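Here are my notes on this model, point by point. Please read them with the structure open.

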Amino acid sequence: MFVPIADINPLEHIRRPYVTYALIAANVLVFGLLQRGIAGAPAEAGMVSFGAIPAVVSGAAVLPDGYLTLPPSLTLFTYMFLHGGWLHLLGNMAFLWVFADNVEDAMGHLRFLAFYLLCGSAAGLAHVLAQPDAEAPLVGASGAVAGVIAAYLVLHPNIRLWALVLMKIPLKVPAYLIIGVWLAVQLWQAISTGDADTAWWAHLGGFAAGALLVTVMRRRDVALFDPDPSGVPSVPGEGKR
């Protein structure tokens, strides 16, 4: 229903969200340079070797010969830099672009990087627990991005975001409404089993991790559930977009 495209939420503690930029660049580079084969199709070997395969992580199976074998726990980090296609990649990066800079601002660069990786690994574990015998590799930044979305909700629920409503109409909508609808869809799909090709429980696991971690990883002077929706920069000239 809502596709967030931008917000007016100034940065207060950092000049630029360098880690957010780096994560977007890393995802694009991995997909463009390492995943894409000469014919333009994602490289299957990379998906299998670096994706998080629940049956392998849980110990129910091992990779066959011919694939690069990483410690299964390590794939809970490598999988989040792989994507199944351009739409998968662009969707995740669009959400990361809108939400991540303010979360990075609230935590600082290094803590935000740790936060992002922890949310992604928690999402991968949630997927493994939900489908411990699954043999399809889990790939994508969706779980880590879900953690970022949760952190934004906890920090700035009342900020108004520009969003496309029904993919057509640009409107300013409160963050709590956009994220609330998004979360309701994830819950419904996970409970009803929905599309088996989408790791709904990974999204929910990442979201839960993000909501919890932001409370302890934010800067001490950053408030939770900021009630100010004005979007007025606290330092003259310092704005996000």
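1. Order of elements. From the N terminus, the run is β-α-α-α-α-α-α-α-β-β-α-α. That comes to 9 helices and 3 strands. Keep in mind that this is a predicted model.

2. Overall figures. The protein has 241 residues, and 45% of them are buried.

3. The core. The largest nonpolar core holds 51 residues. Those with the most contacts inside it are Leu-96, Val-103, Phe-112, Phe-115 and Val-148. Elements giving it two or more residues include helix H1 (18-35), helix H5 (86-107), helix H6 (109-130) and strand E2 (160-165). H7 supplies the largest share, 10 residues.

4. Around Val-148. What does Val-148 touch, leaving aside its neighbours within four places in sequence? Its contacts are Leu-96, Phe-99, Ala-100, Val-103, Phe-112, Phe-115 and Tyr-116.

5. The strands. E2 pairs with strand E1 (residues 2-7) through 5 bridges, antiparallel. Here Val-3 stands opposite Leu-164. E2 also pairs with strand E3 (residues 169-174), again antiparallel, over 6 bridges. On that side Trp-162 is opposite Lys-172. The E2–E3 hairpin has 3 residues between the strands, and Leu-166 takes a positive phi near 55°.

6. Two faces of E2. In a regular strand, side chains alternate between the two faces of the sheet. In E2, Leu-161, Ala-163 and Val-165 form the covered face. Arg-160, Trp-162 and Leu-164 form the uncovered one.

How values were computed
Residues numbered from 1 in each chain as written. Predicted model: local features only at pLDDT ≥ 70, side-chain atom pairs only at ≥ 80, totals over all residues. Heavy atoms only, no water. Core = buried A, V, L, I, M, F, W, Y, C linked by side-chain atoms within 4.5 Å. Buried < 20%, exposed > 50% of the residue type's maximum accessible area, 1.4 Å probe, protein only. Helix = DSSP H or I, 4+ residues; strand = E, 2+ residues; numbered from the N terminus. Contact = heavy atoms within 4.5 Å. Pairing = 2+ DSSP bridges.
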